Amino acid sequence: IHRDLKPENLIFDNEGYIMLTDFGISKNVNKNNSQDTSGTPGYMAPEVMCGLNHTEAVDYYAVGVMLYEFMFGFRPYNGKNRREIKEKLMSKQVRIK
């Protein structure tokens, strides 16, 4: 899991292909990783923000946030700090009964 996908960690090579950088906090998938809450808050999946176990799906979530940002010019959840971003993210989650 890369765990810190964001525009700043994407670069283009001299042929125009996108390359990933900054693998400093990446890890192999571990079933009990609820304590691993590293990353940039605006791109973190809800399960990471809430301290739950997570898989590589958190990277797909970050790609979705980046696509949203590329299309609209801002992230879907903004805030001044991690707490504000988490509150906005959690208030818009779909709840299935």
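A nonpolar core here is a set of buried Ala, Val, Leu, Ile, Met, Phe, Trp, Tyr and Cys residues joined through side-chain atoms within 4.5 Å. With that in hand, and keeping in mind that this is a predicted model, let's start with the packing. The largest nonpolar core has nine residues in all: Ile1, Met44, Ala45, Val48, Met49, Val58, Tyr77, Ile85 and Leu89. Apart from it lies another core, of five residues, with Leu5, Ala62, Val65 and Met66 among them.

Skip its neighbours within four places in sequence, and Val48 is in contact with Asp36, Thr37, Ser38, His54 and Val58. Val58 is also a member of the largest nonpolar core.

Searching the whole structure turns up two cavities of 30 Å³ or more. The largest holds about 100 Å³ of space, and 14 residues line it, with Arg3, Asp4, Ser38, Tyr43 and Met44 the closest to its centre. Helix α2 (residues 57–72) supplies the largest share of that lining, three residues. By class, the lining of the largest cavity splits into seven nonpolar, four polar and three charged residues.

The second largest cavity comes in at about 30 Å³. Around it you'll find Ile1, Arg3, Lys27, Asn28, Asn30, Asn33, Asp36 and His54. This lining has one nonpolar residue, alongside four polar and three charged ones.

Methods:
Residues numbered from 1 in each chain as written. Predicted model: local features only at pLDDT ≥ 70, side-chain atom pairs only at ≥ 80, totals over all residues. Heavy atoms only, no water. 1 Å grid on protein atoms, 1.4 Å probe; cavity = no way out; pocket = protein on both sides within 12 Å on 5 of 7 lines; lining within 4 Å. Points joined across faces, edges and corners; volume = space filled by probe spheres on them. Helix = DSSP H or I, 4+ residues; strand = E, 2+ residues; numbered from the N terminus. Nonpolar A, V, L, I, M, F, W, Y, C, P; charged D, E, K, R; others polar. Buried < 20%, exposed > 50% of the residue type's maximum accessible area, 1.4 Å probe, protein only. Contact = heavy atoms within 4.5 Å.
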